[in-house]
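Here is a short note to read with the structure open beside you. Take the points in order, and find each part on screen as you go.

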Amino acid sequence: MSDLAPVGTPPSDVLARRQGLREGLLPWITTPILLGALIGLWHAYVKWSGISHFILPAPADVWTEWLRLMTNPRGWNHTYWTLYATLAGFGWAIIIGVGLGVAIARVRWLELTLNPFIVATQVIPKVALVPLFVVWFGFGVTSKVIVAAVLAFFPILTNTVLGVKSIDEGHRDVMTSLNATRWQIFRRLELPSALPYIITGLEVGIVLAIIGAIVGEYLGGNLGLGRMLIERMNAFEMDEMFAILIHMSMLGFLLYFSIGILRRLLIPWHGSARR
Amino acid sequence: MEHVPMTAAQPAIVLSGIAKWYGTRDRPVHALSSTDLSVGEGEFVVLLGPSGCGKTTLLRMVGGLIAPTSGRLTVEGQLLWQGEQRRPEAVSELGMVFQDANLFPWLSIEDNIALPLELKGMARAERRMKAHELCRLVGIGGFERRWPRELSGGMRQRAAIARALSYDPKILLMDEPFGALDAMTRDAMNLELQSIWMDTGKTIILVTHSISEAVFLADRIVLLSPRPGKIDTIVDVPIPRPRRSDVQSMAAFQDIALALRQRLAAIS
């Protein structure tokens with residue numbers, strides 16, 4: 001008789017969500033503790049083992065360097081260029097990946113024709129192509145944008161194809177019986193239905209985009225965090241190199257969590273947004 | 001609440017020589033052999049039969065979802081199929097309810113119910129009002145802002161019925177709408193559907209494989225037999241309305257149910 005349940009009682013689902021909220025607090029407690037323990041271990045190791053400063057610097061020194069990096073406009077300039085290359089490449093990857101994905105999922109011959117080439121772009125070790133991109137597109141930011149886009153594109157494409165193909169036949173019947181136009185079917189059914197898949201693709205894609213941008217910077221040009229890291233390494237300034245590594249990781253976290261926020265905003269109805 | 005069935009001049013739905021073959025030329029499957037059927041304005045017709053009898057195929061052809069291989073099908077006097085092409089003007093008087101509620105999980109209940117109106121370009125405020133009205137009609141008032149996943153199966157199916165009613169089609173086509181519900185909810189939904197039908201005066205074709213559901217709801221039961229699907233017998237159900245849940249213990253009800261059960265055993 002669940003059908004006739006009084007309106008005032010919250011459905012079991014709402015109760016489950018409250019439970020989930022309490023569980024969601026756990027990482028906020030455990031993460032700082034584990035992180036603290038890790039740094040403590042690092043500190044102790046450096047202190048007692050007598051390891052060379054050029055191999056593993058002490059956490060306190062890295063912290064000082066990181067603070068200096070954060071207050072240094074030059075550091076922010078490098079950060080800006082890395083972020084720019086990442087986001088521009090990611091943007092292109094979204095446009096091409098989602099656009100091509102929707103087309104491929106709907107047009108069978110297009111899928112059959114393009115599939116070998118798409119697979120080929122994946123099996124070729126793309127990082128090995130970076131020097132080539134540098135030759136073709138120069139030492140500027142363009143080559144980095146392209147590396148980031150090429151890396152991020154594939155997971156976005158495959159997830160979009162999967163999403164559009166996974167649309168429920170019953171939902172299609174509804175739209176057909178309502179005489180919906182092709183555009184209405186796309187806008188009201190296919191796009192929202194594929195969105196959870198696309199966002200999963202974006203989550204993988206953004207991480208690959210930042211990797212692409214940094215690897216691109218390793219191999220050419222004079223801007224970006226990747227470049228900065230190589231310079232510090234060549235100068236044996238390990239404190240600063242570690243600080244840049246941590247800075248890069250934080251940038252990665254920030255971008256990844258932005259996609260998580262996007263997930264909550266765009267698909268609040270989906271199970272994956274309720275964690 | 002006197003209900004007067006099918007005295008109107010023009011029947012709501014007319015099938016003449018409607019047949020369906022599935023599959024390839026090498027291995028065709030005869031889903032439905034040439035079928036004639038006429039459904040009156042405001043009539044409640046139930047299609048009953050074992051699986052493979054073509055009852056869902058028949059309903060989906062009337063609903064404009066699959067094209068018949070041959071024959072002529074009119075809805076409210078308008079030809080529905082021009083060869084393989086569906087004529088959109090004939091579909092506008094049809095509302096479909098499926099076995100699964102098929103609500104869109106990214107829309108709230110009210111937006112789901114108002115989806116057909118949105119597709120037709122109705123303004124948001126007007127849609128909302130209509131959706132609230134329909135929620136009350138089908139007995140889910142107060143749940144307008146919920147996600148579909150927050151509702152029970154029965155309530156979701158009520159919302160699906162409300163969605164089909166939203167644009168006020170003259171005809172409701174229901175494909176085993178309560179097949180996935182538990183027995184108690186199903187009985188409640190049958191009562192509810194009868195009262196919605198009596199309130200709105202829609203023409204309803206409902207597909208089921210439950211004999212008691214068929215006898216409870218129908219003015220007329222069309223019994224189909226399988227391989228190939230065809231109409232076996234048509235049974236009138238002259239039990240007065242509104243039928244209450246205890247109608248099942250009436251002799252007239254039991255006689256019809258027994259006759260159907262025996263016939264079903266013979267053909268399947």
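1. Start with one pair of helices. H9(A) and H11(A) cross in a right-handed way. H9 covers residues 182-219 of chain A, and H11 covers residues 238-266. The angle between them is about 165°, and their axes lie 10 Å apart. Angles over 145 degrees count as roughly antiparallel, so H9(A) is roughly antiparallel to H11(A). Keep in mind that this is a predicted model.

2. Now look at who meets whom. On the H9(A) side, the residues include A:Leu195, A:Ile199, A:Leu202 and A:Glu203. On the H11(A) side, they include A:Met248, A:Leu251, A:Gly252 and A:Arg263. Which classes of residue make up the contact of H9(A) with H11(A)? There are 14 nonpolar residues, one polar and two charged.

3. Step back to the whole chain. Chain A has eleven helices and zero strands.

4. Check the overall dimensions. The C-alpha trace of chain A spans about 75 × 55 × 30 Å along its principal axes. The radius of gyration of chain A is 24 Å, while a compact globule of 275 residues would have one near 19 Å.

5. Consider burial and contacts. Of the 275 residues in chain A, 32% are buried. Take the contacts in chain A with a separation of 6 or more: 78% of them join residues 24 or more positions apart.

6. A:Ile104 sits in helix H4 of chain A, which runs over residues 73-106. Is A:Ile104 buried or exposed? A residue is buried if 20 or more other C-beta atoms lie within 10 Å of its own. A:Ile104 has 22 within that distance, so it is buried.

7. Stay with that residue. Leaving out residues up to four places away in sequence, A:Ile104 touches A:Leu110, A:Glu111, A:Leu114 and A:Val161. A:Gly170 is 66 residues from A:Ile104 along the chain, and their C-alpha atoms are 22 Å apart.

8. Finish at the contact between the chains. Chain A gives 19 residues to the contact and chain B gives 26. Several elements of chain B supply at least two residues each, among them helix H3 (109-119), helix H5 (153-165) and strand E8 (94-97). H6(B) gives the most to this side, with three residues. By class, the side of chain B that touches chain A has 15 nonpolar, eight polar and three charged residues.

Notes. Residues numbered from 1 in each chain as written. Chains lettered and ligands numbered in written order. Predicted model: local features only at pLDDT ≥ 70, side-chain atom pairs only at ≥ 80, totals over all residues. Helix = DSSP H or I, 4+ residues; strand = E, 2+ residues; numbered from the N terminus. Rg over C-alpha atoms; globule rule 2.2 N^0.38 Å. Buried ≥ 20, exposed ≤ 12 C-beta atoms within 10 Å, placed from the backbone. Contact = placed C-beta atoms within 7 Å. Nonpolar A, V, L, I, M, F, W, Y, C, P; charged D, E, K, R; others polar. Axes fitted to C-alpha atoms, helices over the stretch in contact; angles between N-to-C directions. Parallel < 35°, antiparallel > 145°, perpendicular 65-115°, else oblique. Left-handed = near helix turned anticlockwise from the far one by under 90°.
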